[in-house]
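Please have a look at it first.

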Amino acid sequence: MNLSHPFYDDDGDKLREECGVFGAVSADEASTVTALGLHALQHRGQEAAGITSYDGEMFYSRRGNGHVADNFSTAEALAELPGHMAAGHVRYSTTGGAGLRNVQPLYADLASGGFAVAHNGNISNAQKLRDELVGRGAIFQSTSDTEVIIHLVATSRYPTMVDRLVDALRMVEGAYSLIVMTPEGMIACRDPLGIRPLVMGTLGGATVFASESVAFDVIGADFLRQVEPGELIKVGFDGAIETLRPFGNHAPRPCIFEHVYFSRPDSIFDGRSVYSARKAIGQQLAIESPCDVDLVVPVPDSGVPAAIGYAQQSGIPFELGIIRSHYVGRTFIQPSDGVRHSNVKRKHNANRGLVEGKRIVLIDDSIVRGTTSMKIVEMMRDAGASEVHFRVASPPTAHSCFYGVDTPERSKLLAARMDVEPMRDFIRADSLAFVSIGGLYRAVGEQPRDAACPQYCDACFTGDYPTPLTDRAGRQDRDAQLSFDKVA
């Protein structure tokens, strides 16, 4: 969502969805509903949160670093956000830094009135558009790619807000799910390929939108459907709903990693239970890569559903051989490398009485840098496991994501540097295997992967990016021009 360096957790070894969005229109206490919805989306962004509301005359905003509960848990805080329409956002920062100026929703006073936008995704030509806008005199207040959309809307010559928004979005590349607030009502839209998720529901007479269906469960709303790829939905204060498809028809490419890791397991993504999909991936993994062991052990929490599927398919007992602490936040003290390296044990601890003397297979959702996997394997050996095998419920993550996911540079991805056997040696496991890309597609209920036009965005596994990467291409060109030590 930003334009500089990524923010990583202590280990920097987990792919993270960068944002979650929520919106409610024609709702009693809209800001309270939005805060509750954001609580359910907290896993999608834990660095900062913001809510903007509208009372029919004025827009109000409150933003802060930290969790939703840190900023919106008191009646006093929510009283600052009156009105029957509100939108909220939780974020990590991928581009632009962690300052409050980048916390969304972003708001601007346009000639037509107030305009607030919450964005999940990443615009892959944002820097090019920004340079052009600055060249024409635009003044940016943040370093977020989302502000590019505001400037494009502000400079559009079309007569209506919907037309100006469509005009702006025709110029952007990449991934976006947007919730927009104007004095006329709320607009929700999804990029033409549907890379990032967005769903629609009802709460009494209110219309609500969210990144995941689980947010509706929390607030007691009814799930209606997903916002379709390329669809734009306008909801007026009178309850009138207008649906547009201004971007033509494209073969959808939703992010397959929502099934693997990003979405909460109690969500519905692309018409399927995420929990069921993850169990099916584990079953497929057991079919493709069986293991002669005594116990199936998940790496908590994300590896649990796949490990259940693996155990059910293989007939090997499922056990919690690793216990996770749910009360560990960011590391608050780092006096030495020794303490820094203890972070894994602060979060996970081996269940020694269970694993000692046992052959185990660890199930995790992915391997990114490999450092955490290596430490967990080491922890299980220290606890007395006689063999430690490793199975991964996704293909090797060998490519960076440019669509709103916090991914290390490709040079830091273990699978970009090594084949499977060297990776096994690096994490010091007795064996290592990943589910195949074909197996992953079968597990999430699809036909075999169509290489000419894949049914999902799986670029982090295959390098097959579904949109142009204009900004990255420009950086590569500049890097080539500035590299004088290369031999032609």
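This is a predicted model: local features need pLDDT of at least 70, side-chain atom pairs count only at pLDDT 80 or more; totals for chains, interfaces and linings use all residues.

Let me begin with Ser-26, which is partly exposed because its relative accessible area is 26%, where buried means under 20% relative accessible area, exposed over 50% and partly exposed in between, with a 1.4 Å probe and protein chains only. Residues are numbered from 1 along each chain as its sequence is written, and side-chain values use heavy atoms, with hydrogens and water left out.

Ser-26 has a phi near 60 degrees, a positive value in a residue other than glycine, and this serine sits in the loop between E2 and H1; helices (H or I, at least four residues) and strands (E, at least two) are DSSP runs numbered from the N terminus.

E2 runs antiparallel to strand E5 (residues 85-91), joined to it by 7 bridges, and strands are taken to pair if DSSP finds at least two bridges between them. Phe-22 has Gly-88 as its bridge partner in E5. Strand E11 (residues 206-210) is also antiparallel to E2, with 4 bridges, and there the partner of Ala-24 is Val-208.

A second case of positive phi is Asp-270, with a value near 55 degrees in a residue other than glycine. Asp-270 lies in the loop between strand E15 (268-269) and strand E16 (272-273), and is partly exposed at a relative accessible area of 30%.

Two cis peptide bonds also deserve a careful look: one joins Gln-104 and Pro-105, with omega about 0 degrees, and another joins Pro-300 and Asp-301, with omega about -5 degrees.

What, then, does a search of the whole structure find in the way of cavities of 30 Å³ or more? It finds 3, a cavity being a set of points on a 1 Å grid over the protein atoms alone where a 1.4 Å probe fits but cannot get out, with lining residues having an atom within 4 Å of a point. The largest cavity holds about 100 Å³ of space, a volume being the space filled by probe spheres set on the points, which are joined across faces, edges and corners. Its lining has 15 residues, and those nearest its centre are Cys-255, Cys-401, Val-405, Cys-457 and Cys-460. Helix H8 (257-262) and helix H18 (459-462) are the elements that give two or more residues to the lining of the largest cavity.

The second largest cavity holds about 80 Å³, and of the 13 residues that line it, the closest to its centre are Pro-197, Val-199, Ser-211, Ile-268 and Phe-269.

Key:
On a 1 Å grid over the protein atoms alone, a cavity is a set of points where a 1.4 Å probe fits but cannot get out, and a pocket is an open set with protein on both sides within 12 Å along at least five of seven lines; lining residues have an atom within 4 Å of a point.
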